[in-house]
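Take a look at the charged side chains here. Which of them pair up, and where do the partners sit along the chain?

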Amino acid sequence: WVVARTETTISVGIVNPSGERTFLTSQGHLSVYGVDDVLTLLPARAAPGDILWLEGCFLSPPLLRDYERLVGEAKARGFVLGLDTGWPPDGWQPDLRRRVLGWLRTLDHLVINEFEAIGLSGEETQEAAVAALRRALPAQATLVVKRGSLGASGYRGGQAIDVPAPKVEVIDTIGAGDVFDGGYLAALFEGADLEAALRAGNAVASTAISTAPRRYR
């Protein structure tokens, strides 16, 4: 592990009456965490099937400055690349949109929610956003759009699949998207097809948000 001689980052999640979340995050060690810190921990060459999963890209300014180097070097080392962007603290500004769309051509998996898809693409509807993002991704890359209580939609090649989420009584939705990613990834490692991976993501996230103490599978 890389040790930073600064405060530990703390993130506080607040659930609003509408059910939407607001996150307040201190800079802490994220203010000094950069690309070299990541690359020194990665093998010089990926083993077959190794996935580098990237999340929270907007929360660490030093890392964000060199993100093109990060994705380029990881791809050169043979990693399968997956990205969950999260929401930019300052919104989807035009320069940031152009940068992130440039990263997409290196990806194998883009997993985002419907609001992020619309914000990143600059389109006004989910359907238009999906079409725009698929054009920006490599032909055989997978796009997953997380849709909350409606489940998830997946697109790969000629496939377009909608997988509904189980009906559950929601207790706490904080972290639901990250937990979905974990279930989706675990299924991929087990050799699941796209539909099964979406079902796994839905199942893990639905279990997590409806249990206290939290459970997964």
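**Salt bridges in the model**

Counting a Lys or Arg side-chain nitrogen within 4 Å of an Asp or Glu carboxyl oxygen, the total is nine salt bridges. The model is a predicted one.

Start with D36 and R69. Their side chains form a salt bridge, with N to O at 2.6 Å. D36 has 44% relative accessibility, so it is partly exposed. R69 is also partly exposed, at 42%.

Stay on helix α3 for the next pair. K75 and D108 meet through their side chains in a salt bridge, 2.7 Å from N to O. Here too distant parts of the chain are linked: K75 belongs to helix α3, while D108 sits in the loop between α4 (94–103) and β5 (109–113), 33 residues apart. K75 is partly exposed because its relative accessibility is 33%. D108, with a relative accessible area of 23%, is partly exposed as well; the cut-off for buried is under 20%.

Now turn to a pair within one helix. E195 and R199 form a salt bridge whose closest N and O atoms are 2.9 Å apart. Why are they separated by about one helical turn? Because E195 and R199 are four residues apart in helix α8 (residues 194–209). E195 is partly exposed at 33% relative accessible area. R199 is partly exposed at 43%.

Salt bridges link D84, K146 and D181.

Conventions:
Residues numbered from 1 in each chain as written. Predicted model: local features only at pLDDT ≥ 70, side-chain atom pairs only at ≥ 80, totals over all residues. Heavy atoms only, no water. Buried < 20%, exposed > 50% of the residue type's maximum accessible area, 1.4 Å probe, protein only. Helix = DSSP H or I, 4+ residues; strand = E, 2+ residues; numbered from the N terminus.
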